[in-house]
Amino acid sequence: MKCRFCGTRLDDTHVDGDTAARGKESQIFLDLGTAPPSNAFLTREELAAPETWFPLKLYTCPTCLLVQVDEVQSHAAIFSPDYVYFSSYSRSWLAHAEHYVNTVVRRLGLSTDSLVVEIASNDGYLLQYVSGCGIPCIGIEPTASTAQAARERGIETISEFFGQRFAQDFVASRRKADLIVANNVLAHVPDLNDFVSGLATALAPQGTVTIEFPHLQQLVAQRQFDTVYHEHFSYFSLHTVRTVFATHGLRIWDVEQLPTHGGSLRIWASHDTSHHQNTNAVTAVLAEERAAGMLELDYYRGFQTQADEVKDGLLLFLLEQRRLGCKVIGYGAAAKGNTLLNYAGVRPDLLPYVVDASPHKQGRYLPGSRIPVVAEQQLRTDRPNIVLILPWNLREEITSQLAYIREWGGRFATAVPHMVIS
Ligand SMILES: [Zn+2]
């Protein structure tokens, strides 16, 4: 395979069964074996059929240090058409979006003469606040069901994938954007160069792009290997993303460190020639990355061991609780939980069910592990000893929401970065 940014050839030097081969030459960042698509929840009928498991292996490009997933046979199978995820369902994410819009409108001086474009605008969760300020905006969202939901709340939405060709058509038929927003989409882009060059094409001369993505430095430091799944093609440091943007004539002039998704970066970028001055934050984050060792390949080679320690910790915990006769159940049927459970080989004998608030997931089964997803009522009836919170980034929110389990002496657990029971 070749690096999806710089084209450097990436070799699979790992010899099957020989961990010693993961030596000096290895470009493997993480090998999770095989896994089914993490959002392919199963219906009761589908339990009778086999599932397709795809290899899930990440490489580090030795040239540009982009961490990336191996090419997968069938993208179509992974992006299942009935996959439904409505952003507006999460209250904390809505608050995050509203706060961002208030900040960016002030900082960039956006007005009724400006144009805001959001890529992967989902159901209009963010643009509703832009529109609320009277600022013209357009969403780009390829998923038909979510695009329709956005239109129903009055947000103009184009159902297409963003890239260079789209950007050219857009600029020809409309105008260049003063602000382009793309949150948690960069990792999902199969053709990175096409996407970023499209940003440059669609952006006004003094316009700004802001992009949020999980920070690779946090992923490694917090051992968040469960955020790795097939739908995520790339994992970024500021160093690497800065190189990618510079190649397409875009300069990152500010960066913020956010707590979302276990630690994200929000970059602010404009054309090279724009008047925006670089802030000290850019220099500071680049220096932090260098100090952490992110410019050396050894940094990336050590991650498999970290992931294996998390997996072993979870298994030891679950086996011990079963031996003690304690009932452990899961909470939060999120994609990251599926990566963790499938890599650890957890099945319903160790985790009989997972509670989730989304009616779209209740009554279904987790892909791979085939653990049933149930409504919260079951937890109240069953009174389990321990609730294992799978989306660890929401630990605080979920702990306060389910505080009533303390009434029967229930406790909460999270497995990443290491087992914590409280
Ligand atoms: Zn590369």
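## Around isoleucine 140

Isoleucine 140 touches Val117, Glu118, Ile119, Ala120, Ser121, Ile158, Glu160, Phe162 and Phe166, leaving out residues up to four places away in sequence. Keep in mind as you browse that this is a predicted model. Isoleucine 140 sits in strand E5, which covers residues 137-140. Its relative accessible area is 1%, under the 20% limit, so isoleucine 140 counts as buried. For a distance to check in your viewer, take isoleucine 140 and glutamate 156: they are 16 residues apart in sequence, and their C-alpha atoms are 8.7 Å apart in space.

## The zinc site

Which atoms hold the zinc ion on the protein side? The donors are the SG atoms of Cys3, Cys6, Cys61 and Cys64, lying 2.3 Å from the ion. Along the chain these donors follow the spacing C-x2-C-x54-C-x2-C. The angles subtended by the four donor atoms run from 102 to 120°, and the arrangement is therefore tetrahedral.

Cysteine 3 is buried, because its relative accessible area is 5%, while cysteine 6 has 33% and so counts as partly exposed.

## Strand E7 and its partners

Strand E7 spans residues 177-183, and six of its seven residues are buried. E7 pairs in the parallel sense with strand E4 (residues 116-119) over four bridges. In this pairing, glutamate 118 stands opposite valine 181 of E7. Glutamate 118 is also one of the residues touched by isoleucine 140.

Strand E8 (residues 203-214) is another parallel partner of E7, this time over six bridges. Here alanine 177 stands opposite leucine 203 in E8.

As background, nonpolar side chains tend to be buried together in soluble globular proteins. The largest nonpolar core in this model has 48 residues, and Leu199 and Phe245 touch the most other members. Helix H6 (residues 192-202) supplies the largest share of this core, with six residues. A second, separate core holds 46 residues, among them Leu30, Val228, Leu351 and Ala413.

What does phenylalanine 245 contact, once its neighbours within four places in sequence are set aside? The list is Val196, Leu199, Ile211, Leu250, Ile252, Ile267 and Ala269.

## A mixed six-stranded sheet

Six strands form an open sheet with mixed pairing, in the order E14-E13-E12-E15-E16-E17. Its edge strands are E14 (373-374) and E17 (420-421), each pairing on one side only. Within the sheet, strand E12 (residues 328-331) pairs with strand E13 (residues 354-355) in the parallel sense, over two bridges. Glycine 330 has valine 354 of E13 as its bridge partner.

## Backbone details in the loops

A few loop residues deserve a look at their torsions. The peptide bond from valine 416 to proline 417 is cis, with omega near 5°. Proline 417 belongs to the loop between strand E16 (411-414) and E17.

Two non-glycine residues have positive phi values. Histidine 261 has phi near 55° and lies in the loop between strand E10 (250-258) and strand E11 (264-271). Its relative accessibility is 34%, so histidine 261 counts as partly exposed. Arginine 370 has a phi of about 55° and is placed in the loop between E13 and E14. With a relative accessible area of 25%, arginine 370 is partly exposed too.

Key:
Residues numbered from 1 in each chain as written. Predicted model: local features only at pLDDT ≥ 70, side-chain atom pairs only at ≥ 80, totals over all residues. Heavy atoms only, no water. Donors = N, O, S within 2.8 Å, 3.2 Å for Na, K, Ca; no water. Tetrahedral: all angles 85-135°; square planar, octahedral: opposite > 155°, others 65-115°. Buried < 20%, exposed > 50% of the residue type's maximum accessible area, 1.4 Å probe, protein only. Pairing = 2+ DSSP bridges. Core = buried A, V, L, I, M, F, W, Y, C linked by side-chain atoms within 4.5 Å. Contact = heavy atoms within 4.5 Å.
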